[in-house]
Amino acid sequence: MKKIGRILSLLLLLGAAGAAFYLGWAQFKVTTESCGVLISKTSGVEKKPIVPGVFSWHWQLLIPTNATIRVFSMAPYVNSVTKSGQLPSADMYKQLLLKDAEFSYSYNITLGVRFTPDGIVQQVSLHNIQNDDEMQKLLKSVVDQACDVIVAYIAEQAMQQKDFSVALINQKDVMSYLSALPQFSDIVFTQCNVEIQTVPDMYTYTKAKEAFEAYQKRLEEKLTEQAEVDATMLAQDSRDMAKLAKLGELLRQYPELSEILKNSSVTEALRSVRNIQ
């Protein structure tokens, strides 16, 4: 009987261990192409994501109603965005050129993006994301931000090329460029397609910008030179007024000196004043 009792105790212990293992095993609750985030009352948001194929066990799941696993799809979010407008100061540069120039742009950009597993955990921690719909709203804003960066990237690439062509844009290079930026460190770019509907004349724009900057520099130099001349004149006027005050004081003390200036012109009088030490 004692032997049977020990066997039953061992079976019960193994059963309890198996149940604990099963309850705490989080990996099997996450399907393929998805990522899980553990949130518990005792520990908050678990920093390590739960991904298929990687063993994941958490003691927080053993406590009833203590923890939940939010599962998010790892499928890419794809969206198309049209970006259009004019290059900075385009109207002013057109007036400088005194001719028509194309400084407007219109691009249709399609991007596929998704968060890395660590990025999903971070977004849940920062924004308390509950489901895929809320996660996709964040990804939509990421696409819009990335499209602004692509517009700037295209402008940079076209800056030195007089005849710019969409064929010169390497989509893989664009995605590599985006991935290297700090603001997209938790983002995976799965696809990128850029259709240029209107491309600005970056060569002419660059030349107009350089000409305007040269004009501004010359204007500032001229203004500085004029300011120096004006400052010199004001300083001289101040000195003349001081000398006139000194002359007035001398005339009050020595009235006979008034004969010196009685028949002098204003210029001669000022010259006499400037000779006063």
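## Lining of the largest pocket

Sorted by class, the residues that line the largest pocket of this predicted model are six nonpolar, seven polar and one charged. The lining has 14 residues, and those nearest the centre of the pocket are Phe115, Gln123, Val142, Gln183 and Ile187. The space in this pocket comes to about 180 Å³.

Which helix gives the largest share of the lining? Helix 4 does, with four residues. Helix 3 and helix 4 each contribute at least two residues to the lining.

## Helix 3

Helix 3 covers residues 117-127, and its buried residues are Gly119, Ile120, Val121, Gln123 and Val124. In an α-helix there are 3.6 residues a turn, so residues three or four places apart point the same way.

What do the buried residues of helix 3 pack against? Their partners are strand 1 (34-40), strand 2 (44-45), strand 3 (67-73), strand 5 (104-115) and helix 4 (132-158). Just after the helix comes asparagine 128, which has a positive phi of about 55 degrees.

## Serine 106

Serine 106 sits in strand 5. Is this serine buried or exposed? Serine 106 has a relative accessible area of 11%, so it counts as buried, the cut-off being under 20%.

Leaving aside residues up to four places away in sequence, serine 106 touches Thr82, Lys83 and Ser84, and also Glu195, Ile196, Gln197 and Thr198.

Terms used. Residues are numbered from 1 along each chain as its sequence is written. This is a predicted model: local features need pLDDT of at least 70, side-chain atom pairs count only at pLDDT 80 or more; totals for chains, interfaces and linings use all residues. Side-chain values use heavy atoms; hydrogens and water are left out. Buried means under 20% relative accessible area, exposed over 50%, partly exposed in between (1.4 Å probe, protein chains only). Contact means heavy atoms within 4.5 Å. On a 1 Å grid over the protein atoms alone, a cavity is a set of points where a 1.4 Å probe fits but cannot get out, and a pocket is an open set with protein on both sides within 12 Å along at least five of seven lines; lining residues have an atom within 4 Å of a point. Grid points are joined across faces, edges and corners, and a volume is the space filled by probe spheres set on the points. Ala, Val, Leu, Ile, Met, Phe, Trp, Tyr, Cys and Pro count as nonpolar, Asp, Glu, Lys and Arg as charged, and the others, Gly among them, as polar.
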